[in-house]
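The following explanation leads the reader through a protein chain, from its overall dimensions to individual residues. Please keep the sequence and the model in view while reading.

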Amino acid sequence: MALCSSVFTGMEGDMDLQFLLQGGDLLKVRSSSWKKTRYFKLQEDCNTMWHESKKTFKTNQTFSLADISAVRMGRQSEGLRKYTGEQVEGRCFSIIFKARRKNLDLIASSEEEAKQWVNSLQKMLSIINNLTAQQKTEHWIVSCLRKADKNEDDKLSQSEVKNFLRLINIEVDDVYAEMLFKKCDKSKSGYLAGEEIRHFYDLLTHREEIVVIFGEYAKTTGYMSPENLVEFLMKEQREKATLADAHQIIEKCEPDENAKQKKLLSKDGFLMYMHSPDALVLNSDHREVYQDMSHPINHYFISSSHNTYLMEDQLQGPSSTEAYIRALLKGCRCVELDCWDGSDDEPVIYHGYTLTSTILFKDAIQAIKEYAFKTSDYPVILSLENHCSVEQQEVMSHHMRSILGSALVTSPLGDSMPTEFPSPEELKGKFLIKGKRLNKLEASFAAEAEAQKKKLKMAKGLSDMVIYCKSVHFNGFEDARKNLSFYEMSSFKEGKALELAEESANAYIRHNVDKLSRIYPAGIRTDSSNYNPVPLWNAGCQIVALNFQTSCSDMDVNQGRFLVNGKSGYILKPAYMRDRGSEFDPITLTRGDWLKHKTLHVMVISAQQLPKVNEKKSSIVDPLVKVQVYGVPDDVAEKETNPIDNNGTFPFNHYILCTGSAYTVYLCLMCFNPTWNENFQFDVYVPDLALVRFAVEDYDTTSDNEFVGQFTLPFNSLKMGYRHVPLLNKNGDVVPSAGLFIHIMVLDAE
């Protein structure tokens, strides 16, 4: 096994790969005065981009292809629009990174070369993003092997092996490191090469717990027959399975052609199946749109962002169109625009009366148009905080009409006056404007005032765009029921909303059957921190706006809520929250259709390839797993495993007893796959509103635990049986190769 991932085997002659491996000069742009030539190329591991200064040949930062979020052609970034002219439009492109890393803005020597860079990088990203779990593991390990191979000779010395183990978060004492090295050094050459590295890799990726489960059902000379596989699927995974399903799995997952022809599943094929989407904890059917999307939009929870334009804090952080792009790509369906008068008669967006930077309103609208429907086809609400003069309001109106065109809803759908909201299905690909609107008398005066050039408070053109989301002050539930039309909605500061959700939950739920409610963070959250959205969802509030730029457990829960239904950004509320006569109260929980008492059994078995919390630190993670349930107050709970010192320090030559499902199995305690085998039980009374969060933390005896990764999903989207749980980092991106292995059982409570 050379130090290059087999993922790219067979691509040796691929023109795009060869172009990247050869590399070339690009002009790197940071400002109007800082534009410097850098030589970029893909390293031999087919994973790491490297660049150097042409003058000094000093190696600069490298980055992994896995760190790239997108590659965009043209002057799409704020930096390129600001620091370059239209004449280089076709030569420009930007590399957009995940997390908080700044964009890389580049200019090629020709339009053809720019297209070649963009197409080649996008092709590599597509390959990496579509890898199977096993391929991702191999790709990650090979990348770490390349880093450990300091002299780049495709061989590993004993010290390089020790360094490699630290890179993949394994603590090994010198005695064991030497033993492991000698076991793999069959040639006794003092280094590992070729098949010796492959043997070393196989030792690291061995999954004893999977082998034990496989052995329970592999009753045909070390293979699973279709009948064995059906028995496993029905008995352990609680799935309705047929022989046809088993044949399909074997055809899809079995790597051995001889076994496949005999319709048998090997241990490697079973491992591949257990890492497939069908064996994840998330119900694969829920990854697509599976809910009825024909109800009025106020019958859905809607993924929503607060002060969407901000990248950081609320006082002096930068504003950016990139913030809108990131929120929309995460499935956000309601974005906020704080609009103020700008220079040259161009309105701007920023957090008023602070030191936050500004962006042009028209640039924000352009970015929203381009990225609104890449993740979801369903409608986007533009929530306007309008502080502009009438003159610049007219400019806002012009930009939205000219940029959004026919996608902008400027009149009610249908031929007659509506009495309820249209559905997400009817509004596919459309933009709705939320904001203030002139009443009939004001509109009449505005028309007359425009003709007579009198002073106005609001531009009629902008007012006329507000069709289904007219902002009004909240004067109580009774006033809203009697005096407000369905399209008139109120915004609530989190404190007031939580007070209503706790003291008048049922009234709030009934209010939200007919109206839309928007919740936003308190003004004291100048650090862009968030609040827990769950109590507001429990009260039927649809637009619970969070600071998408801030990584925290509240944001994890928000993304978990909207993880399903095709990441459409719309989740249908339960029937009892869409009923005007609903008696549901999440606080008191009287008997009703909502009460479906379930018992959740979770067995945390093991983890795989946990990342280091801080790459610069030499310490190894001491992992523990928290299982948390969010929902109505009676359902909220948290339990955690014991921590494992140093990620399970070698040697791993002792076994522990573990009871899982109907079988007692012995699972090996491995350092690469730390093992817990701990069982937890939870009572869940309102499963429709519950979410489950799996969090891995680095245990610390002297300070707060550090976050390693998490995954949150709705309770009703859990799959039973032996399941893998992917892990997301702080920014919501998948951590390559890392995950948990668990066993889930959901039973009706007696």
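The model is a predicted one, in which local features need pLDDT of at least 70 and side-chain atom pairs count only at pLDDT 80 or more, while totals for chains, interfaces and linings use all residues. Residues are numbered from 1 along each chain as its sequence is written, and side-chain values use heavy atoms, with hydrogens and water left out.

The chain contains 22 helices and 30 strands; these are DSSP runs numbered from the N terminus, helices being H or I of at least four residues and strands E of at least two. Its C-alpha trace spans about 95 × 75 × 55 Å along the principal axes. For 750 residues, a compact globule would have a radius of gyration near 27 Å, and the 28 Å of the chain agrees with this. That radius is taken over C-alpha atoms, and the globule rule is 2.2 Å times the number of residues to the power 0.38.

Of the 750 residues, 55% count as buried. Buried means under 20% relative accessible area, exposed means over 50%, and partly exposed lies in between (1.4 Å probe, protein chains only). Among contacts (heavy atoms within 4.5 Å) with a separation of 6 or more, 67% join residues 24 or more positions apart.

Helix α5 (residues 158–167) has Glu 160, Val 161, Phe 164 and Leu 165 as its buried residues. Seen down the axis of α5, these residues fall within an arc of 140°, so they line one face of the helix. The arc is that of the directions from the helix axis to the C-beta atoms.

Helix α20 (residues 505–514) is mostly covered, with 7 of its 10 residues buried. They are Ala 505, Asn 506, Tyr 508, Ile 509, His 511, Asn 512 and Val 513. The buried residues of α20 pack against the helices α18 (477–483), α19 (494–503) and α21 (534–538), and against the strands β17 (488–493) and β18 (517–520).

Two loop residues remain to be described. Asn 307, in the loop between β10 (300–305) and α13 (321–329), has a phi near 45°, a positive value in a residue other than glycine. Asp 344, in the loop between β11 (334–340) and β12 (348–349), has a positive phi near 55°. Is each of these residues buried or exposed? Asn 307 is buried, with a relative accessible area of 2%, whereas Asp 344 is exposed, at 71%.
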